[in-house]
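Please examine the sequence and the structure shown below. The briefing is arranged by topic.

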Amino acid sequence: MDKRDYYETLNLSRDAGDDDIKRAYRKLAMQYHPDRNPGNKEAEDKFKEASEAYEVLRDSEKRQIYDQYGHEGLQGTGFRGFSGFDDIFSSFGDIFEDFFSFGSGGRRRNRPVQGNSLRYNMEITLEEAYSGKEEVIEFKKWGRCETCDGSGVTPGSEPQVCSTCRGNGQVVRSQGFFQIKTPCPSCNGSGRIIKDPCKACSGRGKVQVERSINLKIPPGVDTGSQLRLRGEGEAGELGGPPGDLFVVIHVSDHNLFKREGDHLYCEIPISFVQAALGDKITIPVIGAEDGYEMEIPKGAQPGDIISIPEMGMPGINSRKRGQLLVKLNVLIPKKLNSKQQELLEEFAKTEGIDRKKKKRKLFG
Ligand SMILES: [Zn+2]
Ligand SMILES: [Zn+2]
């Protein structure tokens, strides 16, 4: 196989200085590092190729031989390049440590970490959603240990820097082709060793606490509404802030009203006489015990929807209320008493319907 020119591989001119070489290699190594390109054969080859070029050009003796005699010249010295990543990492391990200190094996764990956020599910009625609600909720969580103020250390003593990872919280090891950073086993990634753990929390810095909060649910919430209570989640670690508490609302179904956004919808049964003549009726509404007096217009039709402004749900972000939409469900009597029968027969005649005729015209 023809080897590429080392200068070409690193994109360098023949007179490149040591810093240029290092910079050029760093750029390619970052790009093709196996941790960033797992399972990518092409990246693997490029990485090896760049590493070999760097290995030669950074060494003034090898570089000189290469400049004079090319690849053959180096072979004469016994130089074979690299067999695999293990080779590369053991040769340039210190450089990779430097290059990849931003962490290819996950975030450093000895930094402050925010506590977990919690979710609290709450079921409320439509009436409660309408008027808002105050309720004391109780739950358990990991809260900050007050004895040690979350440090996990007995008050008066100090945690010590872990000697295994020198406080980094990570150790670097090679596994096959890969160089992997893993949480330090001595300190569990925290970077510190607690010799004298706080007795109240066994060194965790957190304890199980019962929390009760007086929750104010604003009017207008709907299923899926979330109330965020900042800082009411679990305690953070290593001085990190606590998480938040999310109260997730579920509004239960109502037997009369359906909700569509801020509008309320219901069906009201009326008699066909009320529909024909018009009427005033009192319907139940949310938010008014005595109900609401609404007018059925003369000649109302089955399925007509009467909209009553400002009688729907309050808007959660506005003062505007939705509408109440009332669908008229016109009932036809299934039985008539004799008086009603008589009156309707009379009524039929006024409409030109003669029910005694044997053959009736369907229309007109
Ligand atoms: Zn404690
Ligand atoms: Zn450690």
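The model is predicted. Its zinc ion (ligand 1) is coordinated by C145, C148, C198 and C201, while the zinc ion (ligand 2) is coordinated by C162, C165, C184 and C187.

**Zinc ion (ligand 1)**

- The SG atoms of C145, C148, C198 and C201 coordinate the zinc ion (ligand 1) at 2.2 to 2.3 Å.
- The site of the zinc ion (ligand 1) is tetrahedral, and the angles among its 4 donor atoms are 104 to 113 degrees.
- Along the chain, the donors of the zinc ion (ligand 1) have the spacing C-x2-C-x49-C-x2-C.
- C145 belongs to the loop between strand 2 (133-144) and strand 3 (160-161), and C201 to the loop between strand 6 (192-193) and strand 7 (206-217), so the pair ties together parts that are 56 residues apart in sequence.
- C145 has a relative accessible area of 1%, and C201 is likewise at 1% relative accessibility; because buried means under 20%, C145 counts as buried, and so does C201.

**Zinc ion (ligand 2)**

- The zinc ion (ligand 2) is held at 2.2 to 2.3 Å by the SG atoms of C162, C165, C184 and C187.
- Angles of 102 to 116 degrees among the 4 donor atoms make the site of the zinc ion (ligand 2) tetrahedral.
- The donor residues of the zinc ion (ligand 2) are spaced C-x2-C-x18-C-x2-C in sequence.
- Both C162 and C165 are buried.

**Residue M294**

- M294 is part of strand 13 (residues 288-296).
- M294 is buried, with 3% relative accessible area.
- Beyond its neighbours within four places in sequence, M294 contacts D279, K280, I281, I283, I306, I308 and V326.
- M294 and V326 are 32 residues apart along the chain, and their C-alpha atoms are separated by 9.6 Å.

How values were computed
Residues are numbered from 1 along each chain as its sequence is written. Chains are lettered from A and ligands numbered from 1 in the order in which they are written. This is a predicted model: local features need pLDDT of at least 70, side-chain atom pairs count only at pLDDT 80 or more; totals for chains, interfaces and linings use all residues. Side-chain values use heavy atoms; hydrogens and water are left out. Helices (H or I, at least four residues) and strands (E, at least two) are DSSP runs, numbered from the N terminus. Buried means under 20% relative accessible area, exposed over 50%, partly exposed in between (1.4 Å probe, protein chains only). Contact means heavy atoms within 4.5 Å. Donors are N, O and S atoms within 2.8 Å of the metal (3.2 Å for Na, K and Ca); water is not among the atoms, so sites may look incomplete. Four donors count as tetrahedral if all angles lie between 85 and 135 degrees; four count as square planar and six as octahedral if opposite donors are over 155 degrees apart and all others between 65 and 115; anything else is irregular.
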